[in-house]
Amino acid sequence: MSKTSLNFNYLSFLNIGVLLLGSFIVLLPLLIVLLTSFSPEGTTLQIIPKDGWSFSNYQEAWSRGKFPLAFWNSTFVALSVTGFQIFTSALAGYALARLKFKGRQALLLIILATLVIPFQLLVIPTFLVLKWGNLINTYGALILPTAANGFGIFLMRQFFQTIPVELEEAAAMDGANRLQILWQVMLPLARPALITLFLFTFIGEWNDVFKPLVFTTRPELRTVQLTLAEFQEQFTSNWPLLMAAVTIATLPVIVLFLIGQRQFIRGIATTGIKN
């Protein structure tokens, strides 16, 4: 075996070791939360239960925390915001990628500039607009403020630019208009970018606690993260029950990411690459 092959094998094992170490560091907190959630209720923080495994914490946390209603609210809000963002991002991204109009670059710069403005800085004018529209304490207050997003528009624009123009020209020669080209040609090819935007938006909305805290006060509009925060205040010293609640709140986004991870990686990897 040559010296070059030995060096290559050494670097491969070293890279694998570094990746395994990084994965362990990232997954360790999740493992601690999961193991602690199976400890008997009322015990102190235990990574490995000494008194046996208990599955009653999940049933207790589900009922005490009123998670069924919170899950419905979070799912409805996250899916609604995600649908609005995919719709607006696809239209705006296609226009910025393909249509030639005056001020296109300036408009793109303005959209990119919105990415550096934290939502917290806009909370007062957003609150006033929602109050003017009688939307405080409604689902509209949780959906409309983030119905459009600069990141989604930029992501879709970059991906649309990777699709050959010849496909659109062929569709146009067959009599398709712009909306038909977008719906029947561009969007099916942009599936990785759409799934990437879906995952980013859904997970972000699912984990959001700021909008429900500021724009709603009605208990029936509580989302999962707000319910989890209230649950933590009530059961601060009951670690197994608290970790079970954390697992319940986190599990949907983990499952969603595992299902769409292949398309997510492909969408991130191909965005920005031009033919």
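Predicted model: local features only at pLDDT ≥ 70, side-chain atom pairs only at ≥ 80, totals over all residues.

Trainee: Let's start with a side chain. Is Arg178 buried or exposed, or something in between?
Mentor: Arg178 counts as partly exposed, at 44% relative accessibility. Buried means under 20% relative accessible area, exposed over 50%, and partly exposed lies in between, with a 1.4 Å probe and protein chains only.

Trainee: Where do the two partners lie?
Mentor: Arg178 lies in helix 9 (residues 178-189) and Glu168 in helix 8 (residues 165-173), so the pair ties together parts ten residues apart in sequence. Helices are DSSP runs of H or I, at least four residues, and strands are runs of E, at least two; both are numbered from the N terminus.

Trainee: And Glu168, buried or exposed?
Mentor: Buried, at 5% relative accessibility.

Trainee: How many salt bridges are there?
Mentor: Six by this rule. One of them joins Arg64 and Glu60, at 2.6 Å from N to O. Both residues sit in helix 2 (residues 56-64), four residues apart, about one turn of the helix. An α-helix has 3.6 residues a turn, so residues three or four places apart point the same way. Arg64 is partly exposed at 37%, and Glu60 is partly exposed at 26%.

Trainee: What about Glu220?
Mentor: Glu220 forms a salt bridge with Arg218, closest N and O atoms 2.8 Å apart. Glu220 is partly exposed, with a relative accessible area of 36%. Arg218 is partly exposed too, at 34%.

Trainee: Which residues do shared partners join into a network?
Mentor: Arg98, Glu168 and Arg178.

Trainee: Switching topic. What's the overall fold content?
Mentor: The protein chain has 13 helices and zero strands. It has 275 residues, and 39% of them count as buried.

Trainee: Aromatics next. How many pairs?
Mentor: The structure holds 15 aromatic pairs. Rings of Phe, Tyr and Trp (its six-membered ring) pair if their centres lie within 6.5 Å; planes under 30 degrees apart count as stacked, over 60 as edge-to-face and the rest as tilted. Phe67 lies in helix 3 (residues 67-98) and Phe231 in helix 12 (residues 224-234), so the pair ties together parts 164 residues apart in sequence. Both are buried.

Trainee: What geometry do Phe76 and Tyr139 have?
Mentor: Their ring centres are 5.0 Å apart and the planes are at 70 degrees, so the pair is edge-to-face. Phe76 is in helix 3 and Tyr139 in helix 6 (residues 139-143), so parts 63 residues apart in sequence are tied together. Phe76 is partly exposed at 30%, and Tyr139 is partly exposed at 26%.

Trainee: Which rings make up the cluster?
Mentor: Ring pairs link Trp62, Phe67, Phe71, Phe198, Phe202, Trp206 and Phe231. Phe202 and Trp206 are among the buried residues of helix 10.

Trainee: What does Glu205 touch?
Mentor: Not counting residues up to four places away in sequence, Glu205 touches Val77, Ala78, Val81, Leu142, Thr146 and Lys211.

Trainee: Last one. What does Leu34 contact?
Mentor: Tyr58 and Thr247, leaving aside neighbours within four places in sequence. Leu34 is in helix 1 and counts as partly exposed at 36%.

Notes
Residues numbered from 1 in each chain as written. Heavy atoms only, no water. Contact = heavy atoms within 4.5 Å. Salt bridge = Lys/Arg side-chain N within 4 Å of Asp/Glu carboxyl O.
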